[in-house]
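Please read them against the model.

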Amino acid sequence: MADGSHPTLPGFAHVYSGKVRDLYAPLDDAGEARADRLLLVASDRMSAYDFVLDSPIPDKGAVLTQLSLWWFDQLADLLPHHVVSTDVPDEVAGRSVLVERLDMLPVECVARAYLTGGGLSEYEATGSVSGVALPEGLVDGSRLPEPVFTPSTKAPMGQHDEPIPFEGVVAEIGPELAERVRDLTIAILARGNDVAAERGILLADTKVEFGLRGLDLAPGEDLGEAIRARGAACEIVLADEVLTSDSSRFWPADAWEPGHPQPSYDKQYVRDWLTSAASGWDRHSGETPPALPDEVVAATRDRYVEAYERLTGTPFVPAGR
Ligand code: ATP
Ligand code: MG
């Protein structure tokens with residue numbers, strides 16, 4: 001885990017642990033770590049407000065992995081994805097995938113179809129989100145006239161992702177790639193909403209990550225410089241996870257009612273408990289959040305599983321087979 005307690009997997013070298021995922025490189029016949037592949041293992045860790053909580057959510061890693069796999073298929077005509085194989089070690093079956101190792105773009109690509117969360121706060125303060133002016137009178141849960149790209153920085157572990165305007169993305173990755181990832185992010189959100197709508201779910205917003213295929217970074221070369229110099233000639237590949245309850249806000253369509261927070265199938269439930277009086281935690285104290293009560297853990301697991309089952313129309317099977 002982020003504290004070093006990731007599983008040991010024979011045949012794989014541990015590369016990195018993010019808040020939720022543990023990354024490994026498969027070893028080749030000579031026992032060397034392969035540079036072109038990663039095993040992406042989703043743990044049951046829950047992050048909220050940039051903290052990794054002490055309470056894991058049972059089966060969350062498997063739900064996120066299998067929901068992402070399902071969505072990668074649904075989106076395959078829009079762009080290529082990073083999945084190579086689901087033939088993985090038994091110990092992490094169902095919650096890991098072997099992927100193409102990409103040079104990741106250093107931006108979190110967020111798009112919003114409905115206004116809530118950080119987008120709502122920005123709108124209330126400025127009348128716009130990410131530099132896009134919005135009509136007056138929008139409230140929590142309002143549908144936006146059209147989806148808006150609201151990118152943020154990809155902060156190093158332990159730091160907060162900061163919203164940046166579109167020009168900030170241009171500065172990081174150049175104008176051509178910036179326009180392409182903006183359009184792709186909005187296309188993924190739109191497709192996600194088309195599919196989810198058939199299942200009675202609204203997709204309020206989502207975050208995706210893209211990587212480049214074919215950047216061929218030279219040893220010691222700066223990633224940002226390489227991306228700006230020749231990234232536009234590379235293929236953009238959808239990476240990480242996609243349209244999951246960790247990366248997206250899912251709302252039951254029949255309960256949608258702008259003007260207040262919406263019931264949801266995502267981690268908003270955990271955020272709401274953490275910021276409620278019941279938790280006794282002050283989000284701005286800098287202190288680690290408390291453990292979640294068992295019933296909050298169970299209700300969160302139920303929401304994640306329900307999102308999977310409603311979207312895919314198939315029962316959730318933890319081991320994935
Ligand atoms: P952080 O890594 O900053 O903690 P996070 O909590 O979102 O962010 P995780 O989701 O736990 O991170 O870890 C996944 C990591 O793997 C991310 O840094 C993501 O950019 C990276 N990643 C995902 N897919 C690929 C890929 N195909 N090639 C290389 N890196 C990838
Ligand atoms: Mg992540």
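1. A search of the whole structure finds one cavity of 30 Å³ or more. Here a cavity is a set of points, on a 1 Å grid over the protein atoms alone, where a 1.4 Å probe fits but cannot get out. The largest cavity holds about 90 Å³ of space, a volume being the space filled by probe spheres set on the points.

2. This is a predicted model: local features need pLDDT of at least 70, side-chain atom pairs count only at pLDDT 80 or more, and totals for chains, interfaces and linings use all residues. Residues are numbered from 1 along each chain as written, chains are lettered from A and ligands numbered from 1 in written order, and side-chain values use heavy atoms, without hydrogens and water.

3. The largest cavity has 13 lining residues; Arg21, Leu40, Thr65, Val97 and Asp240 lie nearest its centre. Lining means an atom within 4 Å of a point. H1 gives the most, with five residues.

4. Now the ligand. Of the 19 residues around ligand 1, Tyr16, Val20, Arg21, Glu100 and Glu209 come nearest. The cut-off is a heavy atom within 4 Å.

5. Domain 1 (12–100) and domain 2 (103–251) both give residues to the shell around ligand 1, so the ligand lies between them. The bounds come from an automatic or database domain assignment.

How values were computed:
On a 1 Å grid over the protein atoms alone, a cavity is a set of points where a 1.4 Å probe fits but cannot get out, and a pocket is an open set with protein on both sides within 12 Å along at least five of seven lines; lining residues have an atom within 4 Å of a point. Helices (H or I, at least four residues) and strands (E, at least two) are DSSP runs, numbered from the N terminus.
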